[in-house]
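Colleague: I am new to reading models. Could you walk me through this one?

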Amino acid sequence: MSGLPGILKGLVTTARTALRPTHTAEYPDVAPDLPPRSRGVIALLEENCTSCMLCARECPDWCIYIDSHKETIPATTEGGRERQRNVLDRFAIDFSLCMYCGICIEVCPFDALHWSPQFEYAEVDILDMLHEKDRLGGWMATVPPPPALDEKSAEPAEIAASNKPARGTGLVGAGGAATGGPGARMPRTVRPRPATARPQPESPEPEPPDAT
Ligand code: SF4
Ligand code: SF4
C-alpha cells in the first residue's frame with residue numbers, strides 16, 4: 001500500500017472497516033450478556049444475618065449501617081435457661097460510597113450477602129443510593145443460582161455434616177445409610193478373631209524343694 005496515493009489508502013481503510021461486523025451494544029433495547037459473576041448490586045438474605053457486624057467492620061468504605069437489639073427467648077423446658085438472640089433492626093448499604101470490592105460478601109460467615117448482576121439502579125438524587133434492608137432483600141430475586149460443583153469435587157461441608165451419624169444414637173441424617181441416600185455408608189463390620197489361640201510362653205518347670 002506504500003505506493004498508493006493517500007486518498008486510495010483512505011478508501012481501502014474505509015471499505016475494510018465497513019465490511020467488519022459491528023460490536024455496538026444496543027443497550028437498553030437489547031440487554032447485555034453479562035458474565036455470571038458480575039458485580040451489579042449486593043443482595044441481603046435477611047434470615048441468614050445474625051447482626052454479627054463483621055461485614056460493617058471489614059468494609060473499607062464504612063458504608064454498611066447495622067442496628068440490632070437483643071431479644072430473650074424463654075426456656076423451652078422447665079428449669080431450662082433463657083436464651084438471647086440478635087434481632088436485625090436496620091441493615092443498609094450506601095452504594096454512593098461502595099466501591100464493589102466484595103469484602104463484605106467474602107467475610108460474611110452465614111452467606112447473608114450475595115452479588116446480583118442487576119445494575120440498573122441509577123438515581124437522580126444521590127441520597128436514594130442508600131438501600132435499606134427491604135430493598136437489599138428485594139435484590140435476592142435477581143441473584144443467580146450458584147454454579148454446579150465439579151464432577152470430582154469434595155462433598156460440601158453442610159451435606160457431609162448432615163450425613164454424619166447422630167451422636168450416641170447410631171442414626172444418620174438425611175442422605176445417610178438410614179435413608180439410603182447417595183451418601184449412605186456401609187455399617188462397620190466386626191471381623192471374628194481366628195479360632196487359633198495365641199501361643200502362650202512356656203512356664204518354667206517348678207524347682208524341686210531343697211533336701212536339707
Ligand atoms: S463491596 Fe466493599 S465497599 Fe461495598 S459495601 Fe461491601 S465491603 Fe463495603
Ligand atoms: S451480613 Fe453477614 S457479616 Fe454482616 S452482620 Fe449479617 S451475618 Fe454478619
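Colleague: How many bridges join strand E3 to E5, and what makes the two a pair?

Modeller: 2 bridges join strand E3 (residues 83–94) to E5, and the two run antiparallel. Strands pair if DSSP finds at least two bridges between them, so E3 and E5 qualify. Strands here are DSSP runs of E, at least two residues, numbered from the N terminus. One bridge links isoleucine 93 to histidine 131 in E5. This is a predicted model, where local features need pLDDT of at least 70, side-chain atom pairs count only at pLDDT 80 or more, and totals for chains, interfaces and linings use all residues. Residues are numbered from 1 along each chain as its sequence is written, while chains are lettered from A and ligands numbered from 1 in the order in which they are written.

Colleague: Why do E2 and E5 stand at the edges?

Modeller: The open sheet has 3 strands in the order E2-E3-E5, with antiparallel pairing. Strand E2 (64–73) and strand E5 (130–131) each have a single partner strand, so one side of each lacks a neighbour in the sheet.

Colleague: What makes Cys49 part of the surroundings of ligand 2?

Modeller: A residue is near a molecule if its C-beta atom, placed from the backbone, lies within 6 Å of it. Cys49 is among the residues that surround ligand 2, as are Thr50 and Phe110.

Colleague: How many residues around ligand 2 are nonpolar, polar or charged?

Modeller: That shell has 10 nonpolar, 2 polar and no charged residues. Nonpolar means Ala, Val, Leu, Ile, Met, Phe, Trp, Tyr, Cys and Pro; charged means Asp, Glu, Lys and Arg; the others, Gly among them, are polar.

Conventions:
Helix = DSSP H or I, 4+ residues; strand = E, 2+ residues; numbered from the N terminus.
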